[in-house]
Each structure stands twice: as structure tokens, then as C-alpha cells.
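User: I have a protein model to look at and some questions about it. Can we go through them one by one?

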Amino acid sequence: MNDAVANPLLDFSGMPRFADIKPAHVEPAIRGLIDENRALIERLTADPATPTWDGFVSPMDEAGERLGRAWGVVGHLHSVFDVPEWREAYNAMLPEISRFYAEVGQNLALFQKYKALHDSSEFATLSPVRQRILEHALRDFRLSGAELPDDQKPRFQEIQEEQSQLAAKFSENLLDATNAHAEWITDEAGLAGIPDDARQAARAAAEAEGKEGWKFTLQMPSYLPVLQYADDRELRARMYRAYATRASELGNPELDNGPLIGRILALRDEEARMLGYRNFAEVSLVPKMADTPEQVLGFLHDLAAKAKPFAEKDLEELKAFARAELGLDTLEPWDVAYASEKLRQARYAYSDQEVKQYFPEPKVLDGLFGVIRALYRVDILPDEAPTWDPDVRFFRIEKEGELVGHFYLDLHARSTKRGGAWMDSARSRHRNTWGSDTPVAYLVCNFPGPVGGKPATFTHDDVLTLFHECGHGLHHLLTQVDELAVSGIHGVEWDAVELPSQFMENFCWEWDVLQGMTAHIDTGEPLPRALYDKMIAAKNFQSGMQTVRQLEFSMFDLRLHSELDASAGPVPIERVMALLDEVRREVAVMIPPAWHRFPHSFSHIFAGGYAAGYYSYKWAEVLSADAFEAFEEAGAGRGSLLDPETGERFWREILAVGGSRPALDSFKAFRGREPRVDALLRHSGMVAQA
């Protein structure tokens, strides 16, 4: 404990001590934990006795968990508090940590120990969960190059290290490029159409820099209202171009992600070939539900064929409306969000901005927690722990008075925080030599913060995002598995991990849920039924266009990693863009300008875990829509889909089991059959009218 007092990153007794952790703590803590793990591995692999679960796997898990938790805190701070000191501390140790994990994955002696346990008489006495963990461990060793000839292992290790560094650099370039651009407006006339709360936030941003006027940035809470509402077409065009060319050669050359993309693709291709696969997509799919790239592409092509006619109809309607009502003879990409919002208002007589006034943050959180309480009979209560920002809140989950887990909630956008929304693990549930640890999650979003002394208000899309990330959080927090490797989201096939998150989004469309989570920011009145009916009528507004856009990203990602030959070295960005153009010709209905640089900001696949796996969103959407249909069936005629009995089954068969069994088995245990695409098509309004 003395080390922990001196270095808070080494204190595993409770929550991370964010108030005490400094960048200077990173290197000694991580280096010490790596040394501790190396010494343990050396001792265990030198032992000639047949390994046992308690004598071999448990110590490995516990030492690895300490390192994972400490590095998890460092990585988390790099994402949510990306100031120069933390960026430097993170990047200084990134090669070390990457080298260590690559070294472990390639350790043939360690691999042989796991194999010996797998082949021993003890294996038959282990629980099915522990047997699955061992089988996954052997698979992961093979994917990490453990069976490569010794003379190839150093190169494989170099590939892993460089990929980690490139991913971090990609993310940093994107954040820096996003923060580098601002639109300053000094004449109030230029704000026409932009909602008051977005104006106030822009005014506050300018005041924070001691300037007059209004400052609009490429951060989502600032960028989206401009694209959606600003009457100034030139302003929309400038903002769109700045956003579309972030981190590319069309901006600051020091922040160009193009060369990084080419290098990442070449390294992934080299890794795949060293492991004996034809391409990186095949490697990516080994631990997933889907079997082959061809199977996934077949699924995407099939869905595209069903969705594209609806997307074409959506676009024709939008173009006709823009011509007739807005005087836009040519619909440019920077007009799409603006014209779509005007069409929605004309067709359904409401706007996103009108709905937003009914979703103040405190009421939304009450509603979210109410849904969780109704489905799973758990209570969510405020709690206290050190945080990385005064804005962050901390909660505990209890069931019948017993602690289930904790989570941090970091909802608002900041310039030091990477974009998007995500859930991450601060601690996983597991049983160890000193007892049991309850799980802890980070839930992070980038919503607009409070302005003018009032609570923040969320768009309905923001509410969907919050429910989505909370679904991931519940998957992590409500697990009942005590084995670290398959507890919560661990060990769940990547293309099934979005099931619980997308499932939660469905409740944001239910009247009995929305009634309880809305209160007008000025009057306190709940969402009127008439406005809700308009929202439901508009629910599938442009769903065809939205679907083909997601399919475009999924196909581009999969083909990029399965068809583009990167064996000759870094892939020229022109070839990447050409492939994207080819995909767009097949599935897209609105083609962006030639200068659009989408790949340069596609951090999901170049700086996240979705390489050759972005299709997971659509794959899991089939599962989540089908799973939600069980609640629709149970709630038919009752006036509420918040059915605790079905919720209990969903918890027991999906959330509680984590990765302890194949995701398809979990789905079938809940639904009683194989998944079907019908519910997704129905929920999306993509069913041909009789």
C-alpha cells in the first residue's frame, strides 16, 4: 500500500483517485506493473508442473487486471482530458504497453502452459465458462503470433507497437483539427435561423476568449445547429467544408491523417499475411459471430437492395421540397440537414428544436433511471468519488439494497475531450483472492452543456445516444459472471456487443416512457401527446437515407480490409478514396463533393476497435430489433412495454451472461429461435406498402 500512497495509480482499493493522479505517476506505475507481470510470467512458465486454474490462470488474471485497470485510467484521461501533459504521458508509455502485450501474445512458453491446462485432466472438471475462456485464450495466442517462427516474432511485435502509436496519433490529429477551426460572427444578422441556446453557447465561447460576437466550432453541439438551422447558406458551406476536410491534406499538413491511413492498412495487411490469412478482414472476423467477409458483404448487399429504393424516394422528396419551398435548385450536401429540418417541420409541423425544449437533462436522467428500474428492479442512486472534471457525476446501482456496481457520467462537450460517445470499463466484475470486485463504468457523451443559468436540454437524438451508451453500461454493470475474461462486455463477440445498446434506444419512442422524462424547460409541462404523435409519424423520416449511409460506411470498411492490396507498403490515399467512390456508386444516393475526406475522420476503424467490424452496428440492429419485439409482444394491450418479467429474462439470458457463452446462444435462449431481419425492417419503416 505504500507504493499506492506514493503513486495513486497503484491504489486498487477503491475508485481511481482522479484528484491525486498526475501525469508524472504514469511511467513509474505502468513500468512497475509491467515488470511485475513479466516476473510472474517468468516464474509460472519456469514451473515444470502441469498448470492448474488456481495456480496459473488466476494469478495471471489478477496481475493482468491490475495493469489493465491502471492503464485504463491513463487511456481514459487521454480521451476526456487531452491536455499536453497527459498526451505526453500517455504517448510516452504507449510503445511500452503495446510491446508488453505483443510480447505476452507471442510468448510460446505461456501459450504452451495454457495448452497444457486445456489438454490436462483438470479441463474436464472445469465449468463450461472456464473451458470457453481457455479456448478463447488459445485462439487469441494464435492471433497474437504465438505460433510464428522465432525469427518473425520481433517484426510482428513491431507491427503491434506501430499500430497503437498510429491509432493514438490519428485520434489526436482529429481532435486538434476539430479544435483548430472556428467561425466568428460579429453581425447578429448572420445568426438568422440558429436557435437561441446555440447562440448563447456561441456567445459564451467568444466571451471565454475575451472577444465580441459569436464563436461557432466543429464540436458537435456547435456544428450541428449551424448545419441544421442557419439560414446563411455560405456559413453552412464553410462549416461543412471545414468539418469534411478535417485532419486531411486540405488543412494543416501536420494534422493530415492520410499517410497514417495508408500505413495502418499496410501494417494490418502484413499482420494478416504473417498469420496465414488472406487479408485483415479474415483476422478481424475470427472472434466475431460472422464467419467470412463474403457472408457479411452478402448481408450488407441484401440490406442495401432493400433500403436503396426507400433512400432514393427520400432524396427525391427532399430535392423537390428544396426547389419548390426553399428556392434551392441544386441541393448541395451543406443544404441537406437544413432542408431536411424544413421538410420535417412542413410535413410533421414540428422541429427538433421544439422537441428539445421538453428534454432538460435532470428530467431525462430521471426517465432513463426509471426505465432501468422498471425493467431490472434495480435502483440508481447518487454517490461520491473523485472525478476528472467538476461536471462529472457518479452513481451507484443497487438491487434490494445490495451494491451491483457504479458508473461515472460525463455528458457535456469540452475542447479537451475527443468527440463522440462511448462506454468504457473502469473495473470489471470478478472474484479474486481477496473477494469480489463490483463493476464500474465510464459513460461519456458530448452533449451541449447548460447555458443562461438553465439546465442543458437535449435533442431526441441526444436522448437516443444517452440510452444507447447506457445500454452498453448495463451490459457491463449487470453481469453476473465472476470470471474476468467473460464478465460484462468482455469476451462478447464484437458484432453482438451493440445488441444491448441499440435495444435500449427503442424505449425512447414509447409514450409511457417519454411522458415521465419530459418537462418543458420554461413551463415544466410534459411533452404534449400531439407533439409525440408527430414525432412517431416522423420516426422513419429519411430512414432509407440514414440506412444506406450506414451501409456505405460498413461496406467501405469491410472492402478496405478485404479487397485493397496493401502488400506493397503504405496505401496511397487516392486508392482509399477510389474504393469509397466505388462503394458510394453502389449504395449512396447523395454523393459528397470530391474534396470530402471522410476516411480521415473515420476514427471507429482507424483509432477504435471497429476495423473490418463497422458492420456490427447493422448486424446487431437485427438482433436488437428482434429482441425488442419480445417486449412489444409482452406489452400488447397493456399500455406499457416496460414489462419486468421480460426484462428479467433479458437480463438473465443476455446481460447477465456476458461473454460466457456464444452470443447467438444467448439470443436464442431469450427469443426461443434464430434472429430475423423482419423487425428491423418494420421498425425502420422499410416495408413495402400494400
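User: What percentage of the 690 residues in the protein chain is buried?

Analyst: This is a predicted model, and every value here is computed from it. A residue counts as buried when its relative accessible area is under 20%. Among the 690 residues of the protein chain, the buried share is 57%.

User: How many helices and strands does the protein chain have, and what is its radius of gyration?

Analyst: The chain holds 27 helices and nine strands. For 690 residues the globule rule gives 26 Å, and the chain's value is close to that, so the chain is as compact as a globular protein of that length. The radius of gyration itself is 25 Å.

User: What share of the contacts with a separation of 6 or more joins residues 24 or more positions apart?

Analyst: Start with the overall span. Along its principal axes, the C-alpha trace covers about 80 × 60 × 55 Å. Of the contacts with a separation of 6 or more, the share from residues 24 or more positions apart is 72%.

User: Is Ser666 buried or exposed, and which residue's backbone oxygen does its side chain reach?

Analyst: Ser666 sits in helix 26, which runs over residues 663–671. Its relative accessibility is 4%, under the 20% cut-off, so Ser666 is buried. Beyond its neighbours up to four places away in sequence, Ser666 touches Glu653, Ile654, Val657 and Arg661. At 3.5 Å, its side chain reaches the backbone oxygen of Glu653.

User: Which residues does Phe628 contact, leaving aside neighbours within four places in sequence?

Analyst: Phe628 belongs to helix 24. With 2% relative accessibility, Phe628 is buried. Leaving aside neighbours within four places, Phe628 contacts Phe503, Asn506, Phe507, Glu510, Leu641 and His683.

User: How many Å separate the C-alpha atoms of Ala167 and Ile264?

Analyst: Ala167 is part of helix 7, residues 153–180. Its relative accessible area of 17% is under 20%, so Ala167 counts as buried. Setting aside neighbours within four places in sequence, Ala167 contacts Phe606 and Ala607. Ala167 and Ile264 are 97 residues apart along the chain, and their C-alpha atoms are separated by 8.1 Å.

User: Where is Pro287, and what is the C-alpha distance between Pro287 and Glu493?

Analyst: Pro287 lies in the loop between helix 12 (280–285) and helix 13 (293–326). At 27% relative accessible area, Pro287 is partly exposed. Pro287 and Glu493 are 206 residues apart in sequence, yet their C-alpha distance is 6.2 Å.

User: How far is Glu249 from Arg132, C-alpha to C-alpha?

Analyst: Glu249 is in the loop between helix 10 (233–244) and helix 11 (258–274). A relative accessible area of 36% makes Glu249 partly exposed. Not counting residues up to four places away in sequence, Glu249 touches Asp256, Arg597 and His600. Glu249 and Arg132 are 117 residues apart in sequence, and in space their distance is 47 Å.

User: Why does a positive phi deserve a remark, and what is the phi of Ala349?

Analyst: Most residues other than glycine have a negative phi. Ala349 lies in the loop between helix 14 (333–348) and helix 15 (352–356). Ala349 is partly exposed, at 45% relative accessibility. Its phi is positive, near 60°.

User: What is the relative accessible area of Ala612, and is the residue buried or exposed?

Analyst: Ala612 is placed in the loop between helix 23 (603–606) and helix 24 (616–635). Ala612 is not a glycine, although its phi is positive, at about 55°. Ala612 is buried, with a relative accessible area of 0%.

Notes
Residues are numbered from 1 along each chain as its sequence is written. This is a predicted model: local features need pLDDT of at least 70, side-chain atom pairs count only at pLDDT 80 or more; totals for chains, interfaces and linings use all residues. Side-chain values use heavy atoms; hydrogens and water are left out. Helices (H or I, at least four residues) and strands (E, at least two) are DSSP runs, numbered from the N terminus. Buried means under 20% relative accessible area, exposed over 50%, partly exposed in between (1.4 Å probe, protein chains only). A polar contact is a pair of N or O atoms within 3.5 Å; within protein, one must be able to donate a hydrogen and the other to accept it, and residues adjacent in sequence count only if both atoms are side-chain atoms. Contact means heavy atoms within 4.5 Å. The radius of gyration is taken over C-alpha atoms; the globule rule is 2.2 Å times the number of residues to the power 0.38.
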